[in-house]
Amino acid sequence: MDQISVLVEWSRAQFALTAMYHWIFVPLTLGMTYMIAFMETIYVRTGNEEWKRITKFWGKLFGINFAIGVATGIILEFEFGTNWSNYSWFVGDIFGAPLAIEGIMAFFLESTFIAIMFFGWNKVSKKFHLLSTWLVAIGASLSALWILVANAWMQFPTGTVFNPETARNEMIDFWSVLFSPVAVNKFLHTISNGFVVSALFITGVSAWFIIKKREVLFAKRSMLIATTFGLLSSVFLALTGDGSAYHVAQKQPMKLAAMEGLYNGQDGAGLIMIGVINPKKQVGDDRNDYIFKIEIPKMLSLLGYRNANAFVPGIDDLVYGNESKGLISAQEKIERGTVAMETLNQYRLAKQNGDSTTIAKLSVLFDRQTAEGQEFFENYFRYFGYSHLKKPEDIVPNVPLVFYSFHIMVALGFFFIIFFAIMLFFVLKNVVEKRKIWLLLAIWTFPLGFIASQAGWIVAEVGRQPWVIQDLMPVSMAVSQVSASAVQLTFILFAIIFTSLLIAEVSIMNKAIKNGPTEGGK
Amino acid sequence: MFETLSHLALQEYWWFIVSILGSFLVFLLFVQGGQSLLYSIGKEEPQISMMVNSLGRKWELTFTTLVTFGGAFFASFPLFYSTSFGGAYWLWMLILLTFILQAVSYEFRTKQGNVFGKKTFEWFLFLNGFIGTVSLGVAVATMFTGANFVHNSMNFTSWGNNWHGLEAFANPINLALGLAVFFLSRILAILYFNNTINDNLIRSRNQKQLVVNSILFLLFFLSFIISIWLIDGYAYDEVSGNIFTKPNKYFYNNIEHPLTGILFLCGVLFVLLGLFRSVTCYKTCGGKAIYPVGIGTFLTVLSLFCNLGYNNTVFYPSLISIQSGLTITKASSSHFTLTAMSYVSLLVPFVLAYIIIAWRSLNKKMIDADELNDDTHKY
């Protein structure tokens, strides 16, 4: 590997490490706040002190988890600058705005009212305290909204134009960025994922109390809230998951092909239920795609294009092109992107030299309001990012990783629906104490929530590779010019710190759970 | 409303918003200052816990302000964000690492099951209080003294050495501001403790610390101010955008751009008045001095940012490629983004209003040893 490749891989590893640790804690924060707010609402409405005790216990666990989520979150924001500085400049105009809005609109709301949520029990009125708890929940969701809008833009860049004067992308339509279908779906899918993970956590901990025959009333009440919340959220998660796959099919066909391990495109393509992809399979060769597979016929075409007979392009079609389906090859895109890059360089050189004839001739090509400009964009400039790729095969992400992550996520997602439905049934029938196996399963299902959640992010982020912004900027162009050894060192530092803090958090959380709600409320 | 403003007016407006956030951040660094005083004022229990619990209700506000300050810079002046963070890699990593440690320390410190022990987290708080404040001061000082970056034709950044920002500590002017910020944060913390903690032992120790830290702060702050007034500053030509050095630029900015000078004078007067009153009538004024010193800190830092951003000043000079230096016109986002962001900035007064309401409701009663024994959440 050359120096740049080593730097890119370590920078990606560092960002992935931070993001994955961050995403251990954030789903719990996102969902628990709402469940705690519901519990406190019941307390304020009924005046029943038991609900206050329940609220305070889960609030304490929420607090332990919240701090470490904040710690990992700050690093993520600044890593855009420290490790992806070229990216920060190239698209800061669009990407920075949601981050700033997140700070002003969401972080202050969360950080201000969380102090009242924790310390205000004896200092403010019941209603003000309840309002604060709800505002923390809303603040957490708003925070998720803005960062996911930013992430969605990386998957589907919209509401932006390229400015040749500054050689960067600039926002022209804020609402298009905020309400892009990818952003809306991503927000709903991700936040419902947080709700599911939180519901699994509360269900699992409550199950532990029931098994231990401690605080049974508390545990059953908590479980009732969590399983109801979990069932609704997991159904919603599946629906938004369908929406996500649909948008991936429309906007990121290579990601969809990797998710399904589909090398050769098909009309009426089936959806793999279970499969093992051939580890020896390479792009463009004749080996079988799978060692073994069970598929639902035509389902991939139906889900991806809402048409059971639609053509789903495979990896080979996207790399080498498929004339009959109107797909141009990656090589062609690289060449067209190179033309776009050379045109830009000529324009900037002309600007530097004050060559008004060349400026006048070329500036029209960058103006999409003109017919020439629109044509240049459609045929050349939309492939600008490809000019940085070395070979056509570079557009293929890590297929096995994306494929298995996707299928694990989907399988677990459906399992959660069944699990919550059955647990809720037991709780409503008041027989949950007698279902020991299900209670044990509830404890062990909690970690599965994290696995599904992390797998989802792997699909989203690894599936987008080699792009940091789909089709516009590859990761190799986005990375900061620091030495690979510096990034290796900070990677190791972060790994040690995050792992140590995770150990501390798990230990503290375990102790707080063992102490139970009486002590937890104090 | 904002659409009618020129691009330059929006750039100036956003520089002011970023400056306000930066100034608010420096005031809120009293949390870090307080952390650095845990063993010199707290020394034993329950005093240390009273201090931690007093600061613990505000740490997230400082943290959030830092994040928003970064986010606002990213959105409004992305070229600075990419240049400074991507270039001065180690300097920013040092700051970030200490803030990670801080974020968990309040919550984990006294919890049962804390595998690393209480002292570890108290040391984490100290490290953040010391290294975090000094490094932030050094990072801001480089906006006056310059940094070792160069841009290519795409405005992508390269750094001139392998120290990636750590070399800034070798510049005495940078270090002076770093230490001034550190001692100022301790002064603010002492005054904050006087305002929020009802404990005679802490109050008496605060008095001694206030004098020592005030002297050291004034020493380093004056060294920094005099130095930057005397050095050649970086200016740019409004029409061509060409950057050049100008003797005593940062001094003359106070005169040529009166807002900067007035803010500076008012800020320094408030700080000095607050310090003077808190030292000379400690028993009766000590609890209230946080207000004039806090306001003074805010205004002084605001004036320093105004000094950098306005009057055709380069706010992030390059030491190795003078024309790579950053100005608000060169580093900013597009007109559209600044306009959209300006509408969002209208939320700032509402944010301030609810922060004040929440702050007042939590600070109605001072913290004392008894409060640590009741059934509220505590650190």
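**Figure 1. Buried residues of helix 11 of chain A in the predicted model.** Seven positions are labelled along this helix: Ala330(A), Lys333(A), Ile334(A), Gly337(A), Ala340(A), Leu344(A) and Tyr347(A) are its buried residues. Their packing partners within chain A are helix 10 (315–320) and helix 12 (356–363). In an α-helix, residues three or four places apart point the same way, because there are 3.6 residues a turn.

**Figure 2. Pairing of helix 1 and helix 2 within chain A.** The axes of helix 1 (residues 3–46) and helix 2 (residues 49–82) of chain A come within 7 Å and cross at roughly 150 degrees. Since angles over 145 degrees count as roughly antiparallel, helix 1 of chain A is therefore roughly antiparallel to helix 2 of chain A. The crossing of helix 1 of chain A past helix 2 of chain A is left-handed. By class, the contact of these two helices has 20 nonpolar, 12 polar and three charged residues.

**Figure 3. Helix 2 of chain A against helix 5 of chain B.** Here the two axes come within 11 Å and cross at roughly 20 degrees. With angles under 35 degrees counted as roughly parallel, helix 2 of chain A is therefore roughly parallel to helix 5 of chain B. Helix 2 of chain A passes helix 5 of chain B in a left-handed crossing. On the chain A helix, Val70(A), Ile74(A), Glu77(A), Phe78(A) and Gly81(A) are shown; they meet Phe63(B), Val67(B), Gly70(B), Gly71(B) and Phe74(B) of helix 5 of chain B. This contact has six nonpolar, three polar and one charged residues.

**Figure 4. The side of chain B that touches chain A.** In this interface, 65 residues of chain B are in contact with 66 residues of chain A. The chain B elements that give two or more residues to this side are helix 5 (59–76), helix 6 (78–87), helix 7 (89–108), strand 2 (157–159), helix 16 (335–345) and helix 17 (348–363). Helix 7 of chain B supplies the largest share, 12 residues. By class, the side of chain B that touches chain A comprises 36 nonpolar, 21 polar and eight charged residues.

Key. Residues are numbered from 1 along each chain as its sequence is written. Chains are lettered from A and ligands numbered from 1 in the order in which they are written. This is a predicted model: local features need pLDDT of at least 70, side-chain atom pairs count only at pLDDT 80 or more; totals for chains, interfaces and linings use all residues. Two residues are in contact if their C-beta atoms, placed from the backbone, lie within 7 Å. Helices (H or I, at least four residues) and strands (E, at least two) are DSSP runs, numbered from the N terminus. Ala, Val, Leu, Ile, Met, Phe, Trp, Tyr, Cys and Pro count as nonpolar, Asp, Glu, Lys and Arg as charged, and the others, Gly among them, as polar. A residue is buried if 20 or more other C-beta atoms lie within 10 Å of its own, exposed if 12 or fewer, and partly exposed in between; C-beta atoms are placed from the backbone. Axes are lines fitted to C-alpha atoms, for helices over the stretch in contact, and angles run from 0 to 180 degrees between N-to-C directions. Angles under 35 degrees count as roughly parallel, over 145 as roughly antiparallel, 65 to 115 as roughly perpendicular and the rest as oblique. A crossing is left-handed if the near helix is turned anticlockwise from the far one by less than a right angle, and right-handed if clockwise.
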